[in-house]
Amino acid sequence: MDCLFCKIIKGEIPSAKVYEDDKVYAFRDIEPQAPVHILIIPKEHIASANELTEENASIVGHIFAVAAKIAKEEGIAEGGYRIVNNCGQDGGQTVGHLHFHMLGGRSLAWPPG
Ligand code: 5GP
Ligand code: ZN
């Protein structure tokens, strides 16, 4: 399967790794939108949030637990941060492998555009 983030997980495309375990990979976004902009992705290929089911959705809880650890390491836990999932065309998803953006290090506007 031709998936950019599967290639990043396999190391076929280089990335700035922040965290890795048997289920999850986290790396710095190539086009950061905030001082801290990390992508957290499941190693299993799940195309988008639309493909989450009772069978595979436990990965999302794990991703948020990993995010809390990363936030502390990156020094943004106290100041706060945002975790975003873009789903589908209207959601602004451009890579077809489920991913969560972790954005922090500055005050973020709300609502998003
Ligand atoms: P989406 O728009 O699908 O929610 O987010 C995709 C994100 O992946 C974007 O923020 C984009 O900058 C990032 N991205 C795209 N290609 C690469 C890449 O090759 N390496 C890294 N590190 N990030 C990428
Ligand atoms: Zn993939």
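Q: Where does ligand 1 sit?
A: Bear in mind that this is a predicted model. Ligand 1 sits in the largest pocket.

Q: Which residues come nearest to ligand 1?
A: There are 16 residues around ligand 1, and those that come nearest are Asp29, Asn86, Thr94, His99 and His101.

Q: How do the residues of the shell divide into nonpolar, polar and charged?
A: The shell around ligand 1 holds 7 nonpolar residues, 6 polar ones and 3 charged ones.

Q: Which polar side-chain atom lies 2.8 Å from an oxygen atom of ligand 1?
A: When you read polar contacts, look for N or O atoms in pairs within 3.5 Å. Here the atom you ask about belongs to the side chain of His101. The backbone takes part too: a backbone N or O atom of Thr94 lies 2.6 Å from an oxygen atom of ligand 1, and a polar backbone atom of Val95 is 3.1 Å from an oxygen atom of the ligand.

Q: How much of ligand 1 does the protein bury?
A: Start with the ligand taken alone, which exposes 520 Å². The protein buries 83% of that area.

Q: Let's turn to the rings. How many aromatic pairs are there?
A: A pair of aromatic rings is described by the distance of the centres and the angle of the planes. In this model the count comes to 3 aromatic pairs. One of them is formed by Phe5 and Phe27, with 5.4 Å from centre to centre and 80° between the planes. That pair is edge-to-face, because planes over 60 degrees apart count that way.

Q: Which parts of the chain does this pair link?
A: Phe5 is in helix H1 and Phe27 is in strand E2, so the pair links distant parts of the chain, 22 residues apart.

Definitions and conventions
Residues are numbered from 1 along each chain as its sequence is written. Chains are lettered from A and ligands numbered from 1 in the order in which they are written. This is a predicted model: local features need pLDDT of at least 70, side-chain atom pairs count only at pLDDT 80 or more; totals for chains, interfaces and linings use all residues. Side-chain values use heavy atoms; hydrogens and water are left out. A residue is near a molecule or strand if one of its heavy atoms lies within 4 Å of it. A polar contact is a pair of N or O atoms within 3.5 Å; within protein, one must be able to donate a hydrogen and the other to accept it, and residues adjacent in sequence count only if both atoms are side-chain atoms. Accessible areas come from the Shrake-Rupley method with a 1.4 Å probe; for residues, only the protein chains shown count as cover. On a 1 Å grid over the protein atoms alone, a cavity is a set of points where a 1.4 Å probe fits but cannot get out, and a pocket is an open set with protein on both sides within 12 Å along at least five of seven lines; lining residues have an atom within 4 Å of a point. A molecule sits in a cavity or pocket if more than half of its atoms lie within 2 Å of its grid points. Ala, Val, Leu, Ile, Met, Phe, Trp, Tyr, Cys and Pro count as nonpolar, Asp, Glu, Lys and Arg as charged, and the others, Gly among them, as polar. Rings of Phe, Tyr and Trp (its six-membered ring) pair if their centres lie within 6.5 Å; planes under 30 degrees apart count as stacked, over 60 as edge-to-face and the rest as tilted. Helices (H or I, at least four residues) and strands (E, at least two) are DSSP runs, numbered from the N terminus.
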